[in-house]
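Please read the following report alongside the sequence and the model. It moves from one residue to its surroundings, and then to other parts of the structure.

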Amino acid sequence: MKKYTFYLKMITSSLFRRRSRMFTALLAVALGAAVLSGLVTIYYDIPRQMGQEFRSYGANIVFIASGEKSYFYDDDLKKAVSYLPAKDIVGITPYRYKTIKINEQPFMAAGTDLEQAQKTSPYWYVSGKWPQKDGEALIGQEVADLIRLKTGSVFSVVGTGADNKPFKRDFTVSAVVQTGGSEEAFIFMSLKDFENMAGGQNALDIAECSVSVSSERLGIIIKSVNENAQGITARPVKRISESEGAVLTKLQALIYLVTAIILILTMICVATTMMAVVAERRKEIGLKKALGATNRMIAAEFLGEDVFLGVFGGLLGAVAGFILAQAVSVNVFARSITFQPLLIPVTIAASIIITAAACFIPVRSAAEVDPAVVLRGE
Amino acid sequence: MNLLELKNVSKIYGEVKALQNIELSVAQGEWLAIMGPSGSGKTTMMNIIGCMDKPTHGRVILDGTDISKENAKALTSVRRDKIGLIFQQFHLINYLTALENVMAAQYYHSMQDEKEALEALARVGLARRAKHLPSQLSGGEQQRVCIARALINYPMLILADEPTGNLDETNEKIVLDIFKALHKEGSTIVVVTHDPEVAENTQRTVILEHGKIAKINVNKKINGGNKI
Ligand SMILES: Nc1ncnc2c1ncn2[C@@H]1O[C@H](COP(=O)(O)OP(=O)(O)O)[C@@H](O)[C@H]1O
Ligand SMILES: [Mg+2]
């Protein structure tokens, strides 16, 4: 029998036969590891999350007509779009607008590509189904409130067409949309329905485009579009793209700070738990020393236990941390995160190091216990 | 030849003189009892003999070497190699079985040997209790595990501090019989006891009072009549 087999036997017995005691220590390590790995996951996931998040705040380029015309054509848009990096395009949504009346009250009707609209305006909160068939419309919350419409209601739209002829059309409400913006006073329908109603072919008022690029690149892209395209001008939607970087940095710094604080708290927590464990085991340490154990042997036993605690605590923590990060991500960003397998060994290694560091002082004091305590009664 | 010699040994804790100018020698193979009222310095003396503490003054010569000036590390190795310790409060490692407790002493000494550890347990009548945890053993059984553990590395000197102090009569007799057998085999034993029945079986009894040797009783029955 090798010497270390008995060493392992002692360590595992100490851990498993003193379950309730070790459970506290394990919990401390696992909790720390969970919060740490969770925060690290979020830390690295934030740029990805926020990138999507900012993109989901809608378009970052808007196309409008240039020159004296107030509209541009489908072909102009196609040409302009060809100057954008194809793989980074999230969506391009054309719009046509017309003032119409429902029940003698004026509203804005918008004809659009409903599928693309979902991509460039993912933050729209739609209760109901996006229009599928001809004659279906998506109405803003304001419209729904004013005219008392709800999903399934039918309403009539009147107005004057491109050829100055009055028109009247019936639509069914397929859904009501909340956006927190002016869109709530709009009635959205497919371009086809819009053209059938108001006439005019292929003419567009604006187009929104969402491109997944950094704000610096966006500027370059827009410049090249404007140099090359005709009848159409691209403009950046400044509000979001520029604040993106600043917000990201601040958020990451915040998480970084929180992670550092948690790391210190974890170490204090594990250290105090370990100190309590050592204090509780003074007699046992004294006994072992009375039996001839050297300081190094005592330290090796405690360190061995810590490594076990670090491994199991780290493993538990890595799993719990992922669940934590997932919960935060789902609740805050409404998106799931991807699992990083590398994080498991990293968390375990970190747990071992933290546990060992936290145990350094208690283990040293453990090794210094005077064997004479054993003969002296309680 | 004397295995152990205390020369003018004193131990002072601040104001308390736990031991004062102790002169004592213990011969190879001798069985010695130490008696005295509580607080008279018995445990202090055992700690010094057992290399767990150092005297404030004086010299302690064990097996020809002066251990009173050694550092903690050297004392640990002397203790490991030459001393077998038995305590009043049993002191087993509570998460190790009886067998593992005995093997722990082997492990700290040199190398664990399960077969030998089992034999040691058999010797104190606990072969069938080898896999039990201390909490599953009676007081008497725990003390016997302690004895098996103290003997496992063939110590030169067995030190027992009130080994029967916490035991009932039946177990006291079992433990006493083990000591008798050890003595017969030639072991050197120093036992602290309150029990005259234990002292009766030893060759000499040292009576401590206020840290001083008040009297040494030589047991004529044993020394003269070869009674064991
Ligand atoms: N570590 C210590 N610090 C201070 N005083 C001590 C210490 N250990 C023992 N003493 C004192 O030394 C005296 C002898 O103690 P001890 O050897 O334990 O007596 P006994 O074992 O005979 O009951 C007592 O007065 C005790 O209070
Ligand atoms: Mg005592």
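Leaving out residues up to four places away in sequence, B:Leu182 touches B:Arg123, B:Leu151, B:Ile158, B:Ser187 and B:Ile189, where contact means heavy atoms within 4.5 Å. B:Leu182 is found in helix H6 of chain B, residues 169-184; helices (H or I, at least four residues) and strands (E, at least two) are DSSP runs, numbered from the N terminus. With a relative accessible area of 2%, B:Leu182 is buried, a term that means under 20% relative accessible area, whereas exposed means over 50% and partly exposed in between (1.4 Å probe, protein chains only). The C-alpha atoms of B:Leu182 and B:Ile158 are separated by 9.5 Å, and these residues are 24 apart along the chain.

## How the model is to be read

This is a predicted model, in which local features need pLDDT of at least 70 and side-chain atom pairs count only at pLDDT 80 or more, while totals for chains, interfaces and linings use all residues. Residues are numbered from 1 along each chain as its sequence is written, chains are lettered from A and ligands numbered from 1 in the order in which they are written, and side-chain values use heavy atoms, with hydrogens and water left out.

## Strands and a helix of chain B

In chain B, 4 strands form an open sheet in the order E2-E1-E4-E5, and their pairing is antiparallel; two strands pair if DSSP finds at least two bridges between them. Strand E2 (16-27) and strand E5 (65-66) are the edge strands, each pairing on one side only. Strand E4 (residues 57-62) of chain B pairs with E5(B) in the antiparallel sense over 2 bridges, and B:Ile61 stands opposite B:Asp66 in E5(B). Elsewhere in chain B, strand E9 (residues 204-209) and strand E10 (residues 212-218) pair in the antiparallel sense over 6 bridges, with B:Val206 opposite B:Ile216 in E10(B). E9(B) and E10(B) form a hairpin with 2 residues between them, and B:His210 in the turn has a positive phi of about 50°.

Helix H2 (residues 72-82) of chain B has as its buried residues B:Leu75, B:Thr76, B:Val78, B:Arg79, B:Arg80 and B:Lys82. The cover over the buried residues of H2(B) includes H9 of chain A, together with E4, E5, strand E6 (83-86), helix H3 (98-109) and strand E7 (157-161) of chain B.

## Where chain A meets chain B

In the interface, 33 residues of chain A are in contact with 32 residues of chain B. The two chains bury about 3,000 Å² between them, 64% of it on carbon and sulfur atoms, buried area being the accessible area (1.4 Å probe) that two parts lose on being put together, summed over both. Between chain A and chain B the count is 2 salt bridges, each defined as a side-chain nitrogen of Lys or Arg within 4 Å of a carboxyl oxygen of Asp or Glu. B:Glu100 forms a salt bridge with A:Arg17, with the closest N and O atoms 2.9 Å apart. On the side of chain A that touches chain B, the elements giving two or more residues are helix H1 (3-16), helix H9 (282-290) and helix H10 (295-333) of chain A, and the largest share, 8 residues, comes from H1(A).

A:Ser14 has its place in helix H1 of chain A and is buried, with a relative accessible area of 0%. Leaving aside neighbours within four places in sequence, A:Ser14 is in contact with A:Met22, A:Arg281, A:Glu305 and B:Tyr95.

## Salt bridges within the chains

Over all chains, the structure holds 21 salt bridges. A:Arg217 forms a salt bridge with A:Asp88, the closest N and O atoms being 3.7 Å apart. A:Arg217 lies in helix H7 (residues 215-228) of chain A and A:Asp88 in the loop between helix H3 (74-81) and strand E3 (89-102) of chain A, so the pair ties together parts that are 129 residues apart in sequence. A:Arg217 counts as partly exposed at 40% relative accessibility, whereas A:Asp88 is buried at 14%.

A:Lys288 and A:Glu284 also form a salt bridge, with the closest N and O atoms 2.9 Å apart, and both residues are buried. A:Arg281, A:Glu284, A:Lys288, A:Glu301 and A:Glu305 are linked in a network of salt bridges.
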